[in-house]
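Here is a short briefing for a first look at this structure.

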Amino acid sequence: MATNAHLLNHVQIKERPAQLHNEGNSQLSELLITTISEDHEETCWGCGLRLLLSSNAPIFKCGWCGAITKQNPRKRESKCSWWRRLRDRCFVCILLVFMLFVICGGLWAIYPVIFSISSFCGIFHSIVTMILSIATISSFSLAAFQCAGMPPNIQWGSYPVVQKGELENYTFCHYCSKPKSPRTHHCRSCGICILDMDHHCPFIGNCVGAANHRYFILFLISAVTSTIYVSIMSAYAGLRIWPSLTYSLGHFSGFNMDLALRAMMEIFSAFLRSTVLLSARGLVLVYLFVCSVSVQIGLSVLLWQQLCFIYEGKTYLSHLSTRGNEEIIGRKDCQNLFRFFECPYSISRYLPNFVRSRKRHEPKGS
């Protein structure tokens, strides 16, 4: 069949000089025709057609369906897959306990101080806390317990069923024993193939893929907002119940660097002495402030990195695969963000004029 193979019979024509011992000692050339018959027959996993290869190539592509076959794949069974799943479940439980502690600890430590100011202030901040808590926990649960995205099921393995070019650049996953599209990656921690896989996050115990990537970004946004709110409220409540500082600075006559440094050390020492007099509510407020600020910094960096990848139209894994190859870099556009969050494109009309017209006036060579 002409569609399932490439012609492999290569004919080599070589000139072999022959020395003839006759008159004039003249040189003649005779043509020697040799045929290479070492053909390797392989079967395409996509359409089942047999291919004749000129050599035992490790990777070859079918000319009919477009599937890519990799011979002798390095399949290594993960002996620690159960340990990865246990680790991920532990991280999920720890993160859930931490979020519940922040919510309950904030209600116990902050809101008596807030309600002591006024009932309206207490009710308002209670509503804000409830909204942020529901948004954070619901987005976390959707990102952690929803399937990250399964690749589409397609027919394969039979020539009459597979049409021409239907499996273009598809590979075969030897772990899942099914086709894998170019946008699909196999996660050894989850044990399945994930469509548009970004990365495997142990803190949600799940991969970040096509089905839950949006929920993961929403979780980061709500978590960053919640930690900012907790740090502000805990600092405000802590300053209201903090014991008074006792220090003696004396009289300063003019500015001196040594005197300023001594005053700062005296205030810091008074601050440390006052922590001994803190109640349990004050200690919880200090812990909430430190934890919320540290978590806020880490999640803000992760959120900024994710938004930059979405703006560039790629994922973390595609960024790693295209790093150093500038020819495959995607188009950077705000429409990628609107498309990701399923916003209507008409929202761009509300952007400033210079943002919308910037790409129109750019030269083609830039």
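This is a predicted model. Residues 285-304 are 100% helix and 0% strand, and the end C-alpha atoms of this span lie 28 Å apart. UniProt, in an unreviewed entry, labels residues 285-304 a "transmembrane region", along with 91-111, 123-145 and 215-239.

**Confidence**
- The protein chain has a mean pLDDT of 76, and 72% of its residues reach 70 or more.
- Residues 1-37 stay under 50 in pLDDT. The model has 43 contacts beyond four places in sequence for them.
- Residues 354-366 also stay under 50. For these, the model has seven such contacts, beyond four places in sequence.
- Where pLDDT is low, the predicted coordinates should not be read in detail.

**Helices**
- The span 91-111, one of those listed by UniProt, is 95% helix and 0% strand. Its end C-alpha atoms are 29 Å apart.
- Helix 6 covers residues 280-311, which is 32 residues. At 1.5 Å a residue they should span 46 Å, and the end C-alpha atoms are 46 Å apart, so the two values agree.
- Buried residues of helix 6 include G282, V284, L285, L288, C291 and S292. Further along, Q296, L299, L303, Q306, F309 and I310 are buried too.
- G313 follows helix 6 and has a positive phi, near 75 degrees.

- I114 sits in helix 2, residues 111-117. Is I114 buried or exposed? It counts as buried, because its relative accessibility is 0% and the cut-off for buried is under 20%.
- Beyond its neighbours within four places in sequence, I114 is in contact with C121, G122, H125, M233 and Y236.
- M233 is 119 residues from I114 along the chain, yet their C-alpha atoms are separated by 8.9 Å.

**The hairpin of strands 3 and 4**
- Strand 3 (residues 40-43) and strand 4 run antiparallel and are joined by four bridges.
- H40 stands opposite L53 of strand 4.
- Six residues lie between the two strands of this hairpin. G48 takes a positive phi there, near 80 degrees.
- In a regular strand the side chains alternate between the two faces of the sheet. Strand 4 (residues 50-53) has L51 and L53 on its covered face. R50 and L52 are on the uncovered face.

**Cysteines**
- A disulfide is a covalent bond between the sulfur atoms of two cysteines. How many disulfides does the model have? The count comes to zero, with sulfur atoms required to be within 2.5 Å.
- The cysteine sulfur closest to that of C176 is in C193, at 3.6 Å, which is too far for a bond.
- C176 counts as partly exposed because its relative accessibility is 23%. C104, at 49% relative accessibility, also counts as partly exposed.

- Most residues other than glycine have a negative phi. S177 has a positive one, near 60 degrees.
- S177 lies in the loop between strand 7 (171-173) and strand 8 (178-180). Its relative accessibility is 46%, so S177 counts as partly exposed.
- D196 is not a glycine either, and its phi is positive, about 50 degrees.
- The loop between strand 10 (192-195) and strand 11 (199-201) holds D196. At 24% relative accessibility, D196 counts as partly exposed.

Technical notes: Residues are numbered from 1 along each chain as its sequence is written. Side-chain values use heavy atoms; hydrogens and water are left out. UniProt positions are given in the numbering used here, feature names are shortened, and annotations may be inferred rather than shown by experiment. The expected span of a helix is 1.5 Å times one less than its number of residues. Buried means under 20% relative accessible area, exposed over 50%, partly exposed in between (1.4 Å probe, protein chains only). Two strands pair if DSSP finds at least two bridges between them. pLDDT is the predictor's confidence in each residue, from 0 to 100. Contact means heavy atoms within 4.5 Å.
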